[in-house]
Amino acid sequence: MQVFLVEDSVAVRERVAAMLESTPNVELLGHAADADGAIRDILAGSPDVVLLDISLADGSGFDVLRAVRPQAPQIDFYVLSNVSSYPYRQLAGTLGARGFFDKSTEFERVRELLAARAGAGAP
């Protein structure tokens, strides 16, 4: 299963990359720190899953969702953000995200989700 990461924090990117490397059948396809780069690279690479932060260096994760979901509805988006209050979770769901995780309290749940999807061969 190929995963694309949209995250502007180098420390978080490194942490997620390490998590993905230790997850069987999961490969980090690429990453982007800004909305425009993410949109371009996601559409070009067509990953199975995108892990998406809301706050980016330029633009937002919501910009990415708005641009990519209509063009590539087969890609599953999961938001992984420190900005996790209800309005953000609701908007992410409305825009098509399959899940929302708080970086500070639910990081391991992301690994569990990806491991389960990769093991089951889920799209």
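**View 1. Strands β1 and β3 run side by side in this predicted model.** Here β1 (residues 2-6) pairs with β3 in the parallel sense, and four bridges link the two. For a handy landmark, look for F4, which stands opposite V50 in β3.

**View 2. On to strand β4, the next partner of β3.** Four bridges join β3 to β4 (residues 76-81), again with parallel pairing. To get from β3 to β4, the chain passes through helix α3 (residues 61-68), making a right-handed β-α-β crossover.

**View 3. Strand β3 and its side chains (residues 49-52).** Which way do these residues point? V49 and L51 point one way, while V50 and L52 point the other way. Whichever way they point, all four of these residues are buried.

**View 4. The whole sheet, strand by strand.** Five strands form an open sheet with parallel pairing, and reading across gives the order β2-β1-β3-β4-β5. At the edges you will find β2 (27-32) and β5 (99-102), each of which pairs on one side only. From one strand to the next, the twist averages 20°.

**View 5. Helix α2 laid across the strands.** Finally, have a look at α2, which spans residues 35-45. This helix lies across β1, β2, β3 and β4, and its direction is at about 170° to β1.

Technical notes: Residues numbered from 1 in each chain as written. Predicted model: local features only at pLDDT ≥ 70, side-chain atom pairs only at ≥ 80, totals over all residues. Heavy atoms only, no water. Buried < 20%, exposed > 50% of the residue type's maximum accessible area, 1.4 Å probe, protein only. Pairing = 2+ DSSP bridges. Right-handed = clockwise from strand over helix to strand, strands pointing away. Axes fitted to C-alpha atoms, helices over the stretch in contact; angles between N-to-C directions. Contact = heavy atoms within 4.5 Å.
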